[in-house]
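Let's take a walk around this protein. Have a look at the sequence and the 3D view, and keep them handy as you read.

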Amino acid sequence: MDEDSELIKKLEKALEEEQAACAALYLELEKDRSAAATAADETMAMIMKLQEEKAELRMEVRQYQIVVEEKYAYIEEEMEILKEIIVNREKEKHALEKELKQYKKFSLSDATQGLVASLDEWKEVDSCGDVCIDDLKEREIDSSVLDVHVIAENKAW
């Protein structure tokens with residue numbers, strides 16, 4: 001029996017060692033599980049944080065898109081207004097050019113040249129070479145005739 005008791009003791013000792021190794025493995029497994037759970041929790045927290053940031057960024061992008069669209073619409077309105085102003089200015093320019101041509105025709109007409117000639121007969125010139133306005137006022141000369149005469153004199157210079 002001694003041998004059997006020694007064998008039992010050896011087997012019990014081996015069993016205890018196996019149980020201790022198994023307990024150590026369970027403890028290590030529990031640590032790994034805990035670490036995995038912590039890592040999973042941290043990963044989930046990071047995923048949630050990233051999803052929130054993504055949602056915030058999408059909202060910002062939408063807001064920027066709205067602002068850009070509004071600015072674009074405003075700029076387009078301003079461009080249309082500026083185009084209208086340019087068209088109106090071009091029309092005014094065209095009308096003024098027509099009017100200028102008419103005035104040029106009028107200033108070069110025979111009637112105007114006759115008025116200039118009649119002005120030459122009665123004008124008085126002061127020391128600067130300008131027409132004496134007081135003399136013209138005394139004779140009640142129409143100012144448009146004076147303008148035609150001054151233009152004709154300037155062309156002669």
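## A charged patch

Which residues gather in a patch of negative charge on the surface? They are Asp-2, Glu-3, Asp-4 and Glu-6. In this report, Asp and Glu count as negative, Lys and Arg as positive, and His and the chain ends are left out. A patch takes residues with over 30% relative accessible area and no salt bridge, joining like charges within 9 Å and nonpolar side chains (Val, Leu, Ile, Met, Phe, Trp, Tyr) within 5 Å. Each charge is placed at NZ of Lys, CZ of Arg, CG of Asp or CD of Glu.

Glu-6 sits in helix 1, which covers residues 2-108. With a relative accessible area of 47%, Glu-6 is partly exposed; buried means under 20%, exposed over 50%, and partly exposed in between (1.4 Å probe, protein chains only).

## What you are looking at

This is a predicted model, where local features need pLDDT of at least 70 and side-chain atom pairs count only at pLDDT 80 or more, while totals for chains, interfaces and linings use all residues. Residues are numbered from 1 along each chain as its sequence is written, and side-chain values use heavy atoms, leaving out hydrogens and water.

## The whole chain

Helices (H or I, at least four residues) and strands (E, at least two) are DSSP runs, numbered from the N terminus.

Of the 157 residues, 7% are buried. The chain exposes about 14,100 Å², with carbon and sulfur atoms supplying 58% of that area; areas come from the Shrake-Rupley method with a 1.4 Å probe, and for residues only the protein chains shown count as cover. Now for contacts, meaning heavy atoms within 4.5 Å. Among those with a separation of 6 or more, 42% link residues 24 or more positions apart.

## One salt bridge

How many salt bridges are there? The count comes to one, using the rule that a side-chain nitrogen of Lys or Arg lies within 4 Å of a carboxyl oxygen of Asp or Glu. Lys-83 and Glu-80 are the partners, at 4.0 Å from N to O. They are three residues apart in helix 1, which means about one helical turn separates them. Lys-83 is partly exposed at 47%, and Glu-80 is partly exposed at 42%.

## A nonpolar patch

Tyr-74, Ile-75, Met-79, Ile-81, Leu-82 and Ile-85 make a nonpolar surface patch of about 570 Å². Ile-85 is found in helix 1 and is partly exposed, at 36% relative accessible area.
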